[in-house]
Amino acid sequence: MKLKYKFVVRSIDGNTVAAAVGTDNARFKGMIKLNDTGRFIFEMLSEDTTEEKIVSALTQNYDVERDEAASAISEFLQKLRDRGLLTEE
Amino acid sequence: MVSFHDEYDYLIHLVRCTIHDQTPSELPDGVIFDSVYKCGVSHGVANIAYHSLEKLEIKPEEELYSKWRANKDSSIIRDMNQSFAREEIIGRFRDEGIRSIEVQGTRLKEFYPKPEYRTMSDIDFIIEPKNLDVAERVLEGLGYKCRNTTGVEVDGFRQPHMIVEVHTEFFPVDSDYHSVMGDPFESAVGLAGEACVVSDEVLYTYSVLHIAKHYFREGCGIRRILDMYLLNRHFPHICERECVNKVFCEAGITEFVCDVSELAECWFGAAASVPSERLSEMVSTVKAAGIHGTVEKRLSNQFSKEKDKGTKNIKVRYVWKRLFPEKRVLLVNYPVLERHPVLTPFCWCHRLFGAVTKKRKRISREVRTVRETKIDK
């Protein structure tokens with residue numbers, strides 16, 4: 001799975017935001033606010049990956065239990081799916 | 001201490017506080033947030049003012065505050081998109097061996113505390129004339145719909161709202177300022193992986209001339225006065241240099257540069273002050289203008305220019321030209337004329353029919369303005 005659109009991530013006033021760019025901005029016009037781990041996951045999703053790989057990468061880079069990470073990632077991915085931002089190829 | 005007479009004064013105060021990271025005064029009596037917001041939108045600075053709102057004790061009502069926040073967010077999204085598009089184009093130009101110079105908003109953003117504060121309606125580049133056709137192909141390859149009607153400029157549009165203008169000169173031949181600026185690439189230095197940059201003197205001179213061009217043509221709003229303040233702040237001694245003064249003198253804008261710098265300092269300097277009475281006309285023009293100026297001001301200036309040239313029947317000529325524009329203008333919407341100029345009368349009729357059925361309000365406003373505009377020498 002990966003992000004359906006091309007996104008650019010930027011830090012603004014201490015917050016991280018993502019916006020679809022190029023012609024994809026016509027398809028998704030909003031702005032997504034991300035926390036630190038959200039940014040990490042989002043950046044992984046710019047290339048084709050799996051939920052399992054994201055969980056492993058997150059637990060390697062952050063001080064978090066695997067179960068806790070898996071649950072948070074699953075919830076985050078579901079939010080992206082609900083907004084039509086993920087493509088499962 | 002500056003007192004606030006109207007929504008414009010308070011808007012300028014909010015913008016100034018954001019630029020200097022100061023705490024703003026609370027909303028003064030007799031001013032309402034809704035009017036401040038509307039002025040901010042029309043002058044392209046509502047997004048900057050928003051950051052000061054966050055420091056107020058009494059904020060706008062939630063509905064307006066959300067609208068204001070959305071305006072700020074949309075300027076961030078637009079900036080991210082323009083920044084992406086800019087890098088994309090520079091990269092492709094580089095691959096094709098096209099030297100490019102960035103001008104206007106993309107350079108002015110550098111002088112703002114945050115790039116997203118300076119909104120832009122388009123991205124401007126200057127390239128060498130020999131590369132114009134390749135540049136058009138590059139833009140088309142990136143998904144832009146292009147038009148090149150003058151042979152010296154390519155305009156590209158990509159959905160949803162990306163506009164790119166590729167010029168080959170600082171100012172077009174018919175501009176008053178064409179002859180005072182030299183070859184854009186004369187002082188340009190290439191940077192690895194980036195667009196070329198012009199010298200500080202050229203950047204300053206060009207940017208100020210650009211402000212003057214808009215001011216004297218259709219009027220310019222608060223945002224351009226802020227540009228002026230930030231240019232002067234970034235290049236504190238450049239306006240004293242002989243080469244810069246010489247250009248301003250040749251362009252006949254020496255007095256304008258002094259006045260606009262004074263106004264910019266009064267409005268946006270760290271210690272705000274009330275502009276002197278001498279600047280009252282400029283203050284009114286700027287407040288009335290908005291980002292893109294006004295039709296009234298544009299026509300008034302255009303008619304005065306024609307009068308200076310000794311043109312007779314100025315208004316009749318103007319209306320005639322609007323009804324039956326020359327080929328160069330028609331080509332924008334009727335590219336078929338390039339190959340079949342015989343269709344010109346059909347295009348005139350089609351254009352007129354479209355205007356009467358779809359733009360009746362705009363036309364009646366323009367007609368009224370033409371009728372009411374006084375021609376001053």
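Mentor: Let us start with a helix pair: in chain B, helix H7 (residues 200-217) and helix H8 (residues 222-234) pack with their axes 11 Å apart, at an angle of about 160°. Helices are DSSP runs of H or I with at least four residues, strands are runs of E with at least two, and both are numbered from the N terminus. This is a predicted model, where local features need pLDDT of at least 70 and side-chain atom pairs count only at pLDDT 80 or more, while totals for chains, interfaces and linings use all residues. Residues are numbered from 1 along each chain as its sequence is written, chains are lettered from A and ligands numbered from 1 in the order in which they are written, and side-chain values use heavy atoms, leaving out hydrogens and water.

Trainee: Is H7(B) roughly parallel or antiparallel to H8(B)?

Mentor: Axes are lines fitted to C-alpha atoms, for helices over the stretch in contact, and angles run from 0 to 180 degrees between N-to-C directions. Angles under 35 degrees count as roughly parallel, 65 to 115 as roughly perpendicular, over 145 as roughly antiparallel, and the rest as oblique. The angle here is about 160°, so H7(B) and H8(B) are roughly antiparallel.

Trainee: At what angle do H1 and H2 of chain B pack?

Mentor: Helix H1 (residues 7-20) and helix H2 (residues 33-42) of chain B have axes 9 Å apart and an angle of about 70°. That makes H1(B) roughly perpendicular to H2(B). The angle asked for is about 70°.

Trainee: Which residue meets Glu102(B) in a salt bridge?

Mentor: A salt bridge puts a side-chain nitrogen of Lys or Arg within 4 Å of a carboxyl oxygen of Asp or Glu. For Glu102(B), the N to O distance is 2.4 Å. The pair links strand E1 (residues 100-103) to helix H4 (residues 62-95) of chain B, 16 residues apart. The partner is Arg86(B).

Trainee: Is Glu218(B) buried or exposed?

Mentor: Buried means under 20% relative accessible area, exposed over 50%, and partly exposed in between (1.4 Å probe, protein chains only). Glu218(B) forms a salt bridge with Arg217(B), their closest N and O atoms 2.7 Å apart. Arg217(B) is partly exposed at 39%. Glu218(B) has a relative accessibility of 8%, so it counts as buried.

Trainee: What is the relative accessible area of Leu343(B)?

Mentor: Leu343(B) lies in the loop between helix H14 (327-333) and helix H15 (344-358) of chain B. Leu343(B) is partly exposed, with a value of 32%.
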